[in-house]
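Here are some notes to read alongside the model. Keep the 3D view open and find each residue as you go.

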Amino acid sequence: MMLAAVLGLTGYAALVGNDSDSRVQHSGVASTSSPAAPPTTTAPQLTPTYSAPPTWTEPERWLAAPKGSRKAASGRETGFPATADGAIGMMVAASAISVEGSDTLANQQLVVYSTYMLPADQSPMAEAKVRQGAERADAGIRRALGLPSTGPLPSGAFMRTTMIGFRPIQVTPTQVAAYVLVYVTNKGGEMVPEQTVYTMGILAAVWQDGDWKLSGQATKSAIAQADQKPPIAAPGDAAFNAAGWTAIRQAS
């Protein structure tokens, strides 16, 4: 369950739901507020529940998230600085998912799992659970977008996630935990409108063997210590500042 909570923020749990998931969805420009849907085991129908305000309010806090200094065998960035900002940079990299063409969520999730999870949290059983959860989510998202259940995604179709904000919970030299705000975008084809979801949760990283790694135990500890969770709000919304979020920009 804790492994699912950690990996869920990298895409699929934003749509299939889990016990600690919070999400606000929107599609198109016009929208009205309504409570987030309860957790389910299949992808819920995306309904308009959030839109950015018409006027831009500059975020009061920005972080240029550090990039990794090297590449793992998976092609993902690793080797982040031994700082709190470096831990956030790793979370940004781990949250980045882009599925199109013949790629799948299962493949992307397994790459995130093998690259960023603490080795002590990895096992054949855990890997199988990640694969099964991602395959179920892939099927649910395809149904929600009206796509074929198998085969490459059609031209213009994609599933993407991007971490756009964070609010620290705990920061020490060897452990960093934060609320993270993730933007999920799905598109069913060239002429199909994008469907987007803002989702929020908690991630925690520990410094081990010269790099930051996601840790299920550290995340569990952070959940126990966390104060009242901030509301979901996009950068540019005054509520984003009021909630104490820091906006992310990728370092050059």
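1. Are they buried or exposed? D138 counts as buried because its relative accessibility is 11%, and R142 is buried too, with a relative accessible area of 4%. Please keep in mind throughout that this is a predicted model.

2. **The wider view.** Now zoom out to the whole chain. Its secondary structure comes to seven helices and 10 strands. Of its 252 residues, 52% are buried. The accessible surface comes to about 11400 Å², and carbon and sulfur atoms account for 56% of that. If you take the contacts between residues at least 6 apart in sequence, 64% of them join residues at least 24 apart.

3. **Other salt bridges.** How many salt bridges does the structure hold? There are five. As a reminder, side chains of opposite charge can pair when their charged atoms come close.

4. E60 is exposed, with a relative accessible area of 58%, whereas R61 counts as partly exposed at 28%.

5. **A buried charge without a partner.** Next, look at D237, in the loop between α6 (216-225) and α7 (238-242). This residue is buried yet has no salt bridge. Where is the nearest side chain of opposite charge? That is R61, 11 Å away. A salt bridge requires the nitrogen and oxygen to be within 4 Å, so R61 does not qualify as a partner for D237. The side chain of D237 does have a polar atom 2.9 Å from the backbone nitrogen of A239.

6. Follow β6 (residues 157-172) into β7 (residues 175-188). The two run antiparallel and are joined by 14 bridges. They form a hairpin with two residues between them, and T172 has Q175 as its bridge partner in β7. On the next side, β7 and β8 also run antiparallel, joined by 12 bridges. Their hairpin has six residues between the strands, and N186 stands opposite Q195 in β8.

7. **How enclosed is β7?** In this strand, 12 of the 14 residues are buried, so β7 is largely enclosed by the rest of the structure. V180 lies in β7 and is buried, with a relative accessible area of 0%. V180 and F166 are 14 residues apart in sequence, but their C-alpha atoms are 4.3 Å apart in space.

8. R167 sits in strand β6. With a relative accessible area of 19%, R167 is buried, because the cut-off is under 20%. Its side chain makes a polar contact with the side chain of D227, at 3.2 Å. A polar atom of the R167 side chain also lies 2.8 Å from the backbone oxygen of A243. Beyond four places in sequence, the residues that R167 touches include Y179, P230 and W245.

9. L118, in the loop between α4 (105-116) and α5 (124-145), is buried, with a relative accessible area of 10%. Beyond its neighbours within four places, L118 is in contact with V206, Q208, K213, L214 and S215. L118 and Q217 are 99 residues apart in sequence, and their C-alpha atoms are 9.9 Å apart. D209 belongs to the loop between β8 (195-208) and β9 (211-214) and counts as exposed, at 74% relative accessibility. Check the backbone of D209 as well: its phi is positive, about 55°, although this residue is not a glycine.

Note on methods:
Residues numbered from 1 in each chain as written. Predicted model: local features only at pLDDT ≥ 70, side-chain atom pairs only at ≥ 80, totals over all residues. Heavy atoms only, no water. Helix = DSSP H or I, 4+ residues; strand = E, 2+ residues; numbered from the N terminus. Buried < 20%, exposed > 50% of the residue type's maximum accessible area, 1.4 Å probe, protein only. Lys, Arg positive; Asp, Glu negative; His and termini not counted. Polar contact = N/O pair within 3.5 Å; in protein donor to acceptor, adjacent residues only side chain to side chain. Contact = heavy atoms within 4.5 Å. Areas by Shrake-Rupley, 256 points an atom, 1.4 Å probe, with all protein chains shown as cover. Pairing = 2+ DSSP bridges.
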